[in-house]
Amino acid sequence: MLAPSKIMVATMFTLIAQLRSRSITSVAALTPSFKFNQRTRCTSNSMSSRLFVSMEGGPDSGSASTTEKTDEEKERIKAEREARKADKERLKLEKKAKQEAERLAREATEAIHDVTYMSYDEQETYPNMGDLTRVMSKSRTGRPFLKVSDLQNKKAGDTVWLRGRLNSLRPTGGSCFLVLRQDSFHTVQACYFKDKEDPEGSKKMLKFLKSLTLESIIDIEGTLAEADVISCSVKNFEIKLKRIYCVSRAAVQLPFLVEDAARSEREVDESQDTDRPFPRLGQEIRLDHRWLDLRAPANNAIMRVQSAVCQLFRESLYSQGFCEIHTPKLIAGESESGAGVFTTDYFGTTACLAQSPQLYKQMAISSDLNRVFEIGPVFRAEKSQTRRHLCEFTGLDLEMAIDDHYMETLEVIHEMFKYIFKGLESRWENELSVIREQYASEPVTFTDEPCVIHWPEAMEILTSEGFDVGDGMGDLNGAMELTLGRVVKEKYGTDFFMLDKYPASIRPFYTMPDPDDSRFSNSYDIFLRGLEICSGAQRCHDPELVLQMLNDKRIEAGGGLQTYIESFRHGVAPHAGAGIGLERVVFLYLGLDNVRKASMFPRDPNRCTP
């Protein structure tokens with residue numbers, strides 16, 4: 001409760017305000033509206049009287065009315081009030097403007113601007129961090145970029161420039177550690193520490209480093225320093241950052257992390273019972289974002305092994321006198337009887353996508369190109385959903401003139417595969433090591449001379465293993481192939497073998513019949529780890545025999561086949577050949593669980609993108 005004296009003071013000021021605003025001439029007229037207790041009433045009335053006297057000019061003033069203010073005084077008072085209000089608003093705006101200016105100045109000082117890097121000789125005039133402006137071939141900067149794999153040839157104290165992906169980032173207070181990745185599996189650690197002599201510059205650098213997103217393309221310049229880094233491929237050096245530029249920023253949210261795509265099934269399985277289980281990435285999300293999946297070291301290395309198989313295939317066949325050819329992929333009719341075909345409109349007529357270069361390889365022999373090979377796409381419109389079938393794959397095809405027997409061709413093929421197997425293990429050992437960390441496998445075993453199993457022996461093996469082969473004239477299924485591969489491995493010590501003398505009824509029309517029993521043929525398949533990777537045969541080079549075979553298989557000799565047969569009528573050497581599936585070779589050699597892992601962008605009945 002307020003003290004009496006304070007109540008009286010409050011009462012006086014209230015009365016003054018009311019007298020001025022209402023032009024009331026008598027204090028007594030106001031007093032009924034105030035309620036005082038008994039203790040304060042007398043004092044209040046006395047104070048009110050004195051206040052009244054003071055306001056009216058003395059006790060003799062009587063009840064004279066208060067003089068009304070003139071219009072000029074009212075205007076002056078109003079103007080003064082508005083002026084005070086305007087001054088207050090002005091001061092407020094000035095304060096706000098000052099704060100905004102200070103903020104803009106602070107932001108300008110802390111801003112990290114895009115960098116246009118034109119010349120290595122002028123780099124001291126450029127900021128040491130920032131996003132590079134779009135690289136549009138405006139100049140050649142002259143920066144001496146190195147490969148991470150070449151850092152082993154450098155020494156501590158050397159200054160290096162590197163470009164790569166941001167593999168990982170770990171900011172910790174006044175420092176930051178990052179890992180740069182090149183070619184998917186070469187990595188080096190870089191680090192930055194706050195500079196006490198340049199606190200503002202350090203603050204900006206740390207801010208920029210923290211803004212970077214994983215998988216972005218970055219350029220870094222720094223000094224090599226000796227270190228012991230277990231988690232990177234470069235283990236004896238790290239880079240002390242001096243400059244860093246972002247060339248291409250990756251999205252903040254990726255479909256999945258490359259780190260997760262690089263884990264083996266065993267690692268994922270073992271983590272499921274822990275507090276932090278690793279995500280299990282399904283095949284579909286990987287294939288939907290295949291470019292990201294291929295950044296995982298093992299998956300990237302698989303593509304390099306695929307390239308290596310093609311290179312070794314070429315090298316071996318070139319050394320054996322072969323010539324590389326390139327055949328049409330748009331053809332007038334089917335090239336493989338019994339295989340599904342994709343058709344398309346060809347200026348008002350129907351054309352097919354080649355199921356193999358078979359007919360053109362044989363016509364090459366008729367052209368006196370006596371040993372030919374091709375690496376090219378093969379299309380099969382088959383709705384196979386298995387782990388080993390694709391609708392489009394890369395064919396490694398060869399065809400050669402023979403003197404007497406198709407074994408001449410099998411010997412060439414055997415030498416070629418031996419060259420590939422040995423070359424992979426000796427020249428691509430680093431890639432194989434990376435792959436086998438995620439996808440376990442052992443090197444393929446093979447014999448020095450061709451291991452050829454004849455059809456009757458294969459039927460005996462399968463029968464002894466509990467399969468019902470019927471009359472022995474039906475084709476092999478997947479289970480039979482795997483069982484045959486297992487038994488041959490146990491019996492002959494090889495993962496790689498050939499099976500010949502297939503029944504003629506399950507081979508294409510151009511297959512030469514067996515000379516002793518027309519029920520069989522001079523055909524062969526080649527197996528790796530229990531699955532077929534190659535199919536071939538001696539071909540029918542006699543045009544009349546070809547027509548008979550077409551008739552027996554009830555195949556019409558249409559326009560495309562007419563020119564094929566005509567090439568034989570003009571004389572052709574006896575010949576044999578084979579067609580090999582590149583992706584299937586890679587898939588089986590590496591012991592993968594699905595052929596799609598060996599295809600860059602696989603095509604199957606359910607996938608035509610990306």
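Visitor: Is Ser137 buried, partly exposed or exposed?

Guide: Quick note before that: this is a predicted model, where local features need pLDDT of at least 70, side-chain atom pairs count only at pLDDT 80 or more, and totals for chains, interfaces and linings use all residues. Residues are numbered from 1 along each chain as its sequence is written, and side-chain values use heavy atoms, with hydrogens and water left out. Buried means under 20% relative accessible area, exposed over 50%, and partly exposed in between, using a 1.4 Å probe and protein chains only. Ser137 has 72% relative accessibility, so the label is exposed.

Visitor: Where does Ser137 lie?

Guide: Helices (H or I, at least four residues) and strands (E, at least two) are DSSP runs, numbered from the N terminus. Ser137 has a positive phi of about 60° although it is not a glycine. Its place is the loop between strand 1 (129–131) and strand 2 (145–146).

Visitor: And what is the phi of Asp183?

Guide: Most residues other than glycine have a negative phi. Asp183 sits in the loop between strand 4 (175–182) and strand 5 (186–193), and at 39% relative accessibility it counts as partly exposed. Its phi is positive, near 55°.

Visitor: What is omega for the peptide bond from Thr609 to Pro610?

Guide: Most peptide bonds are trans. Pro610 lies in the segment after helix 17 (582–589). The bond from Thr609 to Pro610 is cis, with omega near -10°.

Visitor: On to rings. What is the angle between the planes of Phe421 and Phe496?

Guide: Rings of Phe, Tyr and Trp (its six-membered ring) pair if their centres lie within 6.5 Å; planes under 30 degrees apart count as stacked, over 60 as edge-to-face and the rest as tilted. The structure holds 20 aromatic pairs. Phe421 and Phe496 form an edge-to-face one, 5.4 Å centre to centre, with the planes at 85°.

Visitor: How many residues apart in sequence are the parts that Phe421 and Phe496 tie together?

Guide: Phe421 is buried at a relative accessible area of 2%, and Phe496 is buried with 2% as well. Phe421 belongs to helix 11 (residues 407–427) and Phe496 to strand 15 (residues 496–500), so the parts they tie together are separated in sequence by 75 residues.

Visitor: Why is the pair of Trp455 and Tyr502 called tilted?

Guide: Trp455 is in helix 13 (residues 455–464) and Tyr502 in the loop between strand 15 and strand 16 (523–528), so the pair ties together parts 47 residues apart in sequence. Trp455 is buried at 1% relative accessibility, and Tyr502 is buried too, with a relative accessible area of 1%. The ring centres are 4.7 Å apart and the planes stand at 45°, so the pair is tilted.

Visitor: How far apart in space are Asp368 and Val572?

Guide: Asp368 is in the loop between helix 10 (358–366) and strand 12 (371–379), and it is exposed at 61% relative accessibility. Asp368 and Val572 are 204 residues apart in sequence, yet their C-alpha to C-alpha distance is 8.1 Å.
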